[in-house]
Every structure is written in C-alpha cells, then in structure tokens.
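This report goes through the fold, its sheets, a helix pair and the ligand surroundings in turn. The sequence and the structure come first.

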Amino acid sequence: MKMGTKETSNTSVTGGAPPAEPIALVSICLDPEAVNELRDFVRRTPFLRLHAELQSYLADEGPNLSWMQEPGPDVCLIDFDRDRVSATLTAERIQEKLRNTAIFALSRNSQPDLIIQAMRCGCSEYIVKPVDQEKLLEAVARVGGRKKEKKDQFSGRILTFLGAKGGSGVTTVATHLGALLAKPLGRRALLVDLHRTCGEAALFLGLTKYQYHFYDLVESVDRLDRELLGGYVVHHSTGLDLLPSPELNEPERRLIPEAVGQVIDFIRTQYEFVLLDCAPGLNAQNVEAIRRSDFLYLVTTPEVPALRNVARILSFLARNEFAQDKVQVVVNRHSKKDTIGEEEIEKAIRKKIYWKIPNQYHQVIRTINAGDPSAHLENSEVVRCLLPWAKGLLGSPDLKTSKKPSKGLLNLFGT
Ligand SMILES: Nc1ncnc2c1ncn2[C@@H]1O[C@H](COP(=O)(O)OP(=O)(O)O)[C@@H](O)[C@H]1O
Ligand SMILES: [Mg+2]
C-alpha cells in the first residue's frame, strides 16, 4: 500500500508551531518504493529536510561520511529487509557515533523478536512497511519535540565561590549575589551549599525548615529529573532557590565525586545561574565544581595568610591549565585603612583584583538577621556594591542555548 496522499501539517501532531530548524533525515538502503514514499512525505511536510539517501549500509570499518559527525541528522531511517545483519551493524555504528540521532527501523517483517533486536541495536521506532504516513509523522514529531525540549533548557552559568580560608566571606557574597540575581534582576538562580556538613547558606537566608540537602540529591543522582530536583530545593522569598548542606548531626556518607559533577551538570539545565558555596580547600567535590565553573571567585580578606593562600591556589590552577580569565579575586572586608594596599595585593598575587567589598560588619549582620539581602539595597553599602557585579553577569552570552560542560577543564587535576 502506498503512503496516503492527504496533505498533513505538523501542527496536528505536535499541537504547536513548527520547529525553527527543520528536522533532517537520512535514509539508508530503503527499497525503491519506500524511497519514493519518503521523498513524497518530505515534500509534503513543511518542517522536514531529506539530508542524504544512502544506497549501502555502513561498513564496519568504512570511512566516516560527512554527516557522521555531531550533531548529525535528527533521524536515520534504516531499511532492515535487504540485509538484517548489516542493518543492525549500521544502527549500532550510528548510535555509537551520533548520540542525538534517532534511528528508525523499516521492515515488512513485524515479528516481535525482530522488533526487539532492532530496539537493542539502538532503534527507537520500528516502522512496518508499507509505511503508514500518520505513524511516521507522529514518530518524527516525537523527535522534533525532544529536540525543542533540549533547546528550551537553560545552560546555566556556574559561579563557584571559594574562600582563601574559612571566614573570608564566601557565604556572605554568594547569598547576597544569589538574592540580587533573583530579586531585582528576576533571574532563575539556585544556591548550592557544597559543605559536607554545617554549611551556613540556609542560615544566612533565614531558611531553617527543610527536609533534604544537596548530598541527599547526590545519592539519588540515578533518578534525577526536574521533578525530583523540585522536591529538594528550598525557596527563598526573593525567588532564589537553595540546596542546603547537611546538618552537624548527619552521619558522614561515602561520596562519589563524579556524582556531584553529574548533579551540577543537571542543575545547570534548570537554572540561569547556579552559585556554589564551597568549603575552603580543594577537596574532591570542589574540584568537580571548579571543573564546571564559568567563573571561579576566590574570596579573600586583605590579610597575609589569606593572600598567601590565594597565590597558592592561583598558581595551582595555572599549573592545571584552568583558564585564567575565569578566575576572579574578590577582596572582602576591604577598607582604605588596610595595612596592605591594593597595589601590594595585586603584586603579591600577580593578578588584578576583580571586586572590592567594603568592611561593614554591622550591615552584613543586619542583612543576615533579616534573611533577605535584596531588601537592603537602600541601606547597605555591601549590597549596593554587589549589584553591578550581579548586573554584569547578565551580559554573558545567551543563556538559553544548550551548552556542554566546559571541555577545557576536563584535564584539571589530572582527572
Ligand atoms: N564585607 C563584610 N564586612 C564585614 N563583615 C563581613 C563581611 N563579609 C562577611 N563578614 C562577616 O565575616 C564572617 C564570615 O563570613 P562568611 O560569609 O561566613 O565567611 P565564609 O563563608 O567564607 O566562612 C561573618 O560573620 C560575616 O558576617
Ligand atoms: Mg561559609
């Protein structure tokens, strides 16, 4: 039976406007009848493009064809009838090379074990010939839907805050900036307290009632999705979300650092900004965080021991080829009366100071007690000083486009 000739539109299946980019198809070894049907189908369906028509299966060791590189086509349709073994190898090869390409098997034979075999070698759809046009359209629309979903994900900026030593002001700066991004600036922001125990981010935000913490989520990494994450975050009145740290009385658990990285990778698809409040030092979870950072802020006070640590961390990062322009030094509790001047600091650490935050203990304490940094824009010099920093972050490139974790840092620390 021939494919129907009825005009179809994608809107009846997807229920929305066509995707901005067409869906690219590649056909492999389709029999002459199916080739004609597919051409006709593509011509009639506005959001489809036939990228290539191959007459032979992909040989095991053969050279890569030009389209066999990421991102690759959206769909490969493989006819399984001419040679089932070669078709299976072809599907496996495509699945291995092109993770974003959906593979459809076409066959006259609808025996369940053959269908299962095709699914096992990576086919997401099994289309029985003669092809039912509506069914093919639905299958293609599913691929289109997933493509759009991926595009709609955020590619959040990872902002990592690391102190030169304890008490430098990491939690103060991270909570203030997070609240500013959320409230006056209206951004989707999440603060993660990476401390293994006794982190203070929740306290600084006046959030004392919560059931779960970040490391609970890390333990559930294998079933992590939007819904699960939603059940773990605590909401602050500014709109800032928080994943708190475990309490003091929590038993220490075994941690797989890579799982911390995986959770961060997922979280960044759900938020525009992810702020990481790190415990001092270069422990395994901090390393995972640093590897993924768009910016690493080293927070220090203008004191010799702290500055010495900054210099050490900077040279360590340089040795491990961490991009220097992503590291920013923040001098907290800065005062004109400091015995160590700005020039001296910059000479000692061999880097320009990125931001100076005034030493205003009472203002900071007042803000912490009130639990809402963004409410103190009028009366806190510290909050006012941080606003341009937060605004500057909005200038970063489009946050809606999909982005993979920074590849350049993958060799950091020899991992
Ligand atoms: N700019 C500042 N001026 C005065 N005191 C500050 C300032 N920033 C932080 N503090 C105070 O310093 C202490 C340590 O800050 P905190 O943010 O907890 O540091 P960390 O998270 O690095 O351990 C807190 O008591 C905080 O109120
Ligand atoms: Mg802290």
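## The strand pair S11 and S12

Strands S11 and S12 run parallel and are joined by 5 bridges. One of the residue pairs here is Thr300 with Val331, the latter being the bridge partner in S12. The coordinates come from a predicted model.

S11 also pairs with strand S6 (residues 157–163), again in the parallel sense and through 5 bridges. In that pairing Phe161 is placed opposite Tyr297 of S11. Is S11 enclosed or open to the outside? Strand S11 (residues 295–300) is largely enclosed by the rest of the structure, because 5 of its 6 residues are buried. The cut-off for a buried residue is 20 or more other C-beta atoms within 10 Å of its own.

## The eight-stranded sheet

S6, S11 and S12 belong to an open sheet of 8 strands with the order S8-S9-S7-S10-S6-S11-S12-S13. The pairing in this sheet is mixed. Strand S8 (234–235) and strand S13 (353–358) are the edge strands; each has a single partner strand, so one side of each lacks a neighbour in the sheet.

Val234 has Leu242 of S9 as its bridge partner. Helix H11 packs on this sheet and touches S6, strand S10 (273–277) and S11. The direction of H11 makes about 135 degrees with that of S6.

## The helix pair H10 and H11

Two packed helices are described by the angle between their axes and the distance between the axes. For helix H10 (residues 257–267) and helix H11 (residues 284–292), the axes come within 8 Å and cross at roughly 35 degrees. The crossing of H10 and H11 is right-handed.

On the H10 side, the contact involves Pro257, Val260, Gly261 and Ile264. H11 contributes Ala284, Gln285, Val287, Glu288, Ala289, Arg291 and Arg292. Sorted by class, the residues of this contact are 6 nonpolar, 2 polar and 3 charged.

## The five-stranded sheet

Another open sheet has 5 strands in the order S2-S1-S3-S4-S5, with parallel pairing. Its edges are strand S2 (48–54) and strand S5 (123–128); each has a single partner strand, so one side of each is left without a neighbour in the sheet. From one strand to the next, the twist averages 25 degrees.

Strand S1 (residues 23–28) and S2 run parallel, joined by 6 bridges. Ile23 is opposite Leu48 of S2. Helix H2 lies across S1, S2, strand S3 (75–79) and strand S4 (102–107), and runs at about 155 degrees to S2. Helix H4 (residues 112–120) packs on the sheet as well, where it touches S4 and S5 and its direction makes about 145 degrees with that of S5.

Leu48 is located in strand S2. Leu48 has 22 other C-beta atoms within 10 Å and therefore counts as buried. Apart from neighbours within four places in sequence, Leu48 is in contact with Pro22, Ile23, Leu25, Val42 and Val140. The C-alpha atoms of Leu48 and Pro22 are separated by 5.3 Å, although these residues are 26 residues apart along the chain.

Arg39 sits in helix H2 (residues 32–44). Arg39 counts as partly exposed because it has 14 C-beta neighbours inside 10 Å. Arg39 and Glu53 are 14 residues apart along the chain, and their C-alpha atoms are separated by 9.9 Å.

## The surroundings of ligand 1

How many residues surround ligand 1? The number is 18, and the closest are Gly163, Gly169, Val170, Thr171 and Thr172. The elements giving two or more residues to this shell are helix H6 (170–182), strand S12 (327–334) and helix H14 (361–370). By class, the shell has 6 nonpolar, 10 polar and 2 charged residues.

## Overall figures

The protein has 415 residues, and buried residues make up 40% of them. Its secondary structure has 15 helices and 13 strands. Of the contacts with a separation of 6 or more, 78% are between residues 24 or more positions apart.

How values were computed: Residues numbered from 1 in each chain as written. Chains lettered and ligands numbered in written order. Predicted model: local features only at pLDDT ≥ 70, side-chain atom pairs only at ≥ 80, totals over all residues. Near = placed C-beta within 6 Å. Helix = DSSP H or I, 4+ residues; strand = E, 2+ residues; numbered from the N terminus. Nonpolar A, V, L, I, M, F, W, Y, C, P; charged D, E, K, R; others polar. Buried ≥ 20, exposed ≤ 12 C-beta atoms within 10 Å, placed from the backbone. Axes fitted to C-alpha atoms, helices over the stretch in contact; angles between N-to-C directions. Left-handed = near helix turned anticlockwise from the far one by under 90°. Contact = placed C-beta atoms within 7 Å. Pairing = 2+ DSSP bridges.
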